[in-house]
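Here is a short briefing on one protein model. Look at the sequence and the 3D view, then read the notes by topic.

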Amino acid sequence: LTVFLNTKYGLLDIRRRSRPSINQTNVNPEEVKEILIPILSMELQERIARYIKKADDLIYESERLYTLAEQILLDEIGLIDFNPTESNVSIKRFTDSFLESGRLDAEYYQPKYDEFEKLIYKKRVVSLNIYDKNYVPQDDKKYKYIELANIRENGIIDDVETYEGIDLPTRARRKIKEGQVLVSSIEGSLSSCALVTKDFNGAICTNGFYVVDADEINSETLLVLIKSWLIQEVLKRECSGTILTSINKADFSRIRLPMVDAVTQKDIKKMIVESYNLRQRSKILLEKATKSVEIAIECGEKTAIEFLKEEKV
């Protein structure tokens with residue numbers, strides 16, 4: 001049932017029954033009941049079910065590997081048993097506050113941030129390389145365009161659409177390459193960070209991202225480090241503004257990251273690469289299951305079953 005509703009036939013039927021209103025488009029529950037669902041043979045249904053269950057297993061293992069990589073990193077930088085001060089009272093001299101940082105917001109000076117900084121500087125620190133040169137897309141060339149909405153959990157980029165350069169919005173001004181990391185500059189979506197994989201080499205992203213890498217930290221470790229709660233707190237501290245709170249380049253460029261041991265980096269990279277591979281395999285299985293239902297409708301169930309036999313699950 002799930003697979004059919006995600007086929008082109010299921011989606012078209014749902015959209016056909018949708019009713020647009022002022023703010024959104026809805027499907028009436030009573031009309032959902034009228035959607036016609038094809039009854040497929042149990043042999044085909046069971047094959048599809050195996051694909052879906054295998055895809056779920058791969059996602060579970062992918063998430064487990066990411067969590068393990070994260071735990072290894074947190075242990076490496078001393079965050080497993082670290083408990084910052086909960087007090088929100090801090091007394092600082094004018095020369096040690098506004099004259100140094102230019103910030104008047106009280107939250108910026110909470111004691112926990114001093115503790116975060118001390119923890120980071122226990123190790124040798126690393127600066128980020130920021131790539132913010134504007135790129136003007138060619139009008140007649142097609143580009144994959146990455147927005148904040150395309151960033152999934154664990155740094156995955158997904159559901160990216162392709163546009164001709166002339167149709168891209170004016171904020172599409174960052175050309176990215178494999179191995180870079182995208183970091184959101186908007187306070188409400190700081191955790192929307194992603195690793196640029198081979199599939200998105202040469203793509204365009206919105207200038208709402210900072211495009212970064214680091215000389216001494218591999219990209220996989222950098223992703224996990226930036227998404228860790230420690231660096232997320234540091235990023236949040238640097239946000240400023242009124243209507244749309246974000247991090248400006250001057251503040252972002254001052255952020256320092258703790259150096260991670262080379263052996264630990266190698267382990268984390270291996271886990272993240274495997275985590276991404278598992279997700280990709282899961283996506284392929286889901287796509288094949290969906291395609292098989294479309295084949296069953298268009299060409300018959302025998303052809304659909306043969307299609308699913310091509311891959312051992």
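The largest nonpolar core has 63 residues, and Val183, Val212, Leu222, Leu235 and Phe252 touch the most other members. A nonpolar core is a set of buried Ala, Val, Leu, Ile, Met, Phe, Trp, Tyr and Cys residues joined through side-chain atoms within 4.5 Å. Buried means under 20% relative accessible area, exposed over 50%, and partly exposed in between (1.4 Å probe, protein chains only). This is a predicted model: local features need pLDDT of at least 70, side-chain atom pairs count only at pLDDT 80 or more, and totals for chains, interfaces and linings use all residues. Residues are numbered from 1 along each chain as its sequence is written, and side-chain values use heavy atoms, with hydrogens and water left out.

- In soluble globular proteins, nonpolar side chains tend to be buried together.

**The sheet**

Helices (H or I, at least four residues) and strands (E, at least two) are DSSP runs, numbered from the N terminus. Two strands pair if DSSP finds at least two bridges between them.

- Four strands make an open, antiparallel sheet in the order β4-β11-β8-β9.
- Its edge strands are β4 (129-130) and β9 (193-195), and each pairs on one side only.
- Helix α7 (residues 219-227) packs on the sheet and touches β8, β9 and β11. The direction of α7 makes about 170° with that of β9, where angles run from 0 to 180 degrees between N-to-C directions and axes are lines fitted to C-alpha atoms, for helices over the stretch in contact.
- Strands β8 (residues 181-184) and β11 (residues 209-213) run antiparallel and are joined by four bridges. Val183 stands opposite Tyr210 in β11.
- Two bridges join β4 to β11. Asn129 has Asp213 of β11 as its bridge partner.

**Faces of β11**

- How many of the five residues of β11 are buried? Five of five are, so this strand is mostly covered.
- Phe209, Val211 and Asp213 point one way, while Tyr210 and Val212 point the other way.
- In a regular strand the side chains alternate between the two faces of the sheet.

**Helix α6**

- The buried residues of α6 (residues 111-120) are Pro111, Lys112, Tyr113, Phe116, Leu119 and Ile120.
- They pack against β3 (125-127), α8 (229-238) and β12 (256-258).

**Salt bridges**

- The structure holds 16 salt bridges. In each, a side-chain nitrogen of Lys or Arg is within 4 Å of a carboxyl oxygen of Asp or Glu.
- Lys8 and Glu298 meet at 3.1 Å, N to O. Lys8 is in helix α2 (residues 8-17) and Glu298 in helix α10 (residues 262-299), 290 residues apart.
- Arg19 bridges to Glu31, with the closest N and O atoms 2.8 Å apart. Arg19 lies in strand β1 (residues 18-20) and Glu31 in helix α3 (residues 29-32), so the pair ties together parts twelve residues apart in sequence.
- Asp13, Arg16 and Arg17 are linked in a network of salt bridges.

**Cysteines**

- The structure holds zero disulfides. A disulfide is a pair of cysteine sulfur atoms within 2.5 Å.
- Cys193 is buried at 0% relative accessible area, and Cys239 is buried at 6%.

Key:
Contact = heavy atoms within 4.5 Å.
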